[in-house]
Amino acid sequence: MPHTEIGGHRLALSNLDKVLYPATGFTKGEAIRYYAAVADVLLPHLDGRPLSFLRFPDGVEGEKFFTKHVPPGTPDWVTTRKITVVSRTPLNQVLIQDEATLVWAANLAALELHTPQWQSDHQAEADRLVFDLDPGEGADILDCRRLADWLRERVADDGITLLPKTSGSKGLHLIAAIERTPSDRVSAYAKRLAQQAEAELPDHAVSKMAKDLRPGKVFVDWSQNNQAKTTAAPYTLRAKQRPTASTPLTWAELAAADRPEDLVFLGTDLPRRIEEYGDLLAPLLESAAGRGRIPV
């Protein structure tokens, strides 16, 4: 079994040739190399945030395992925290604080990394606002743009700056850095704006979760601001047919896209994009002085 040493920690790596994405032949070894390659931009967005993993040890067409608890056999050098706000029973969760832990998780075939909008030292006090724009049947990511522009302008009126990224699936995420605010207040604000979007753009937007309302429209999912909910992290791989990644965008390239495929990025695309653009979500990491305030 091959080994690697990262940050003074020795890791055993297993089944590197196992194909996790049969449609493309993308292997577990390539997934590990991907996460190592994007570690510098990914880790700051994971800092302090308890991880929920989606593991696919037999590939994306096999059984998946949703993991919130610290997995059995976790090395003692992996940072963990007791989390009390996501369920009635406290649970221990992993925090990915360094490249060694990121590679360890990738070796578990933890392809998808999901985080809440708060950090473990201020549980249920969000420092991010998120909207997940989810196209219904007959709609696509290009149909998300009108809503994205509406939300961008609307929250700007409240002094909040939204930044876009692909979900890595079929939709679009809009994220803003905010002053620490109780999650229930942030969720109520996001819900109010989703309802306003539906009222002003009734042919395009849906604020309710019922799937029978979504054909041809875009669901403005405000619920991921709930303290118990999580969102796909920036740069995480997604367990789709191809190894797509949740990719930060510029507003200009979002507007310029002619077809949905223009906004699909694979893990193999990301190192080049990062070299060209850097971390487009770096403003989310600014000090409190640069954060928006959720109105009362």
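**Entry 1: salt bridges**

I started with Lys170, which forms a salt bridge with Asp134, the closest N and O atoms being 3.9 Å apart. Lys170 sits in the loop between β11 (163-166) and β12 (172-182) and Asp134 in strand β10, so the pair ties together parts that are 36 residues apart in sequence. For my own notes, a salt bridge is a side-chain nitrogen of Lys or Arg within 4 Å of a carboxyl oxygen of Asp or Glu. Helices (H or I, at least four residues) and strands (E, at least two) are DSSP runs, numbered from the N terminus.

I have to remember that this is a predicted model: local features need pLDDT of at least 70, side-chain atom pairs count only at pLDDT 80 or more, and totals for chains, interfaces and linings use all residues. Residues are numbered from 1 along each chain as its sequence is written, and side-chain values use heavy atoms, with hydrogens and water left out.

Which other residue forms a salt bridge with Asp134? I found Arg214, with the closest N and O atoms 3.3 Å apart. Asp134 is in strand β10 and Arg214 in the loop between β13 (205-206) and β14 (218-221), so this pair ties together parts that are 80 residues apart in sequence. That puts Asp134, Lys170 and Arg214 in a network of salt bridges.

I then looked up accessibility (buried is under 20% relative accessible area, exposed over 50%, partly exposed in between, with a 1.4 Å probe and protein chains only). Lys170 is partly exposed at 46%, and Arg214 is buried at 11%.

I also noted Arg272 and Glu276, whose side chains meet in a salt bridge at 3.5 Å, N to O. They are four residues apart in helix α7 (residues 270-277), so about one helical turn separates them. Glu276 counts as exposed, at 52% relative accessibility. My search of the whole structure gave 11 salt bridges.

**Entry 2: rings**

Next I went after aromatic pairs: rings of Phe, Tyr and Trp (its six-membered ring) pair if their centres lie within 6.5 Å, and planes under 30 degrees apart count as stacked, over 60 as edge-to-face and the rest as tilted. The count came to three aromatic pairs. Tyr21 and Phe26 have ring centres 5.5 Å apart and planes at 80°, so I wrote them down as edge-to-face. Tyr21 is buried at 0% relative accessibility, and Phe26 is buried at 6%.

Phe53 and Trp104 are edge-to-face too, because their centres are 6.5 Å apart and their planes at 80°. This pair links distant parts of the chain, with Phe53 in strand β5 (residues 52-55) and Trp104 in helix α3 (residues 99-107), 51 residues apart. Phe53 is buried at 2%, and Trp104 is buried at 9%.

**Entry 3: cavities**

How many cavities of 30 Å³ or more does the whole structure hold? I got three. A cavity is a set of points on a 1 Å grid over the protein atoms alone where a 1.4 Å probe fits but cannot get out, and lining residues have an atom within 4 Å of a point. Grid points are joined across faces, edges and corners, and a volume is the space filled by probe spheres set on the points.

The largest cavity holds about 80 Å³. Its lining includes Arg49, Gln117 and Lys165, and β10 (125-135) and β15 (231-232) each supply at least two of the lining residues.

The second largest cavity holds about 50 Å³. Among the residues lining this second cavity are Tyr235, Arg273 and Tyr277.

Technical notes. 1 Å grid on protein atoms, 1.4 Å probe; cavity = no way out; pocket = protein on both sides within 12 Å on 5 of 7 lines; lining within 4 Å.
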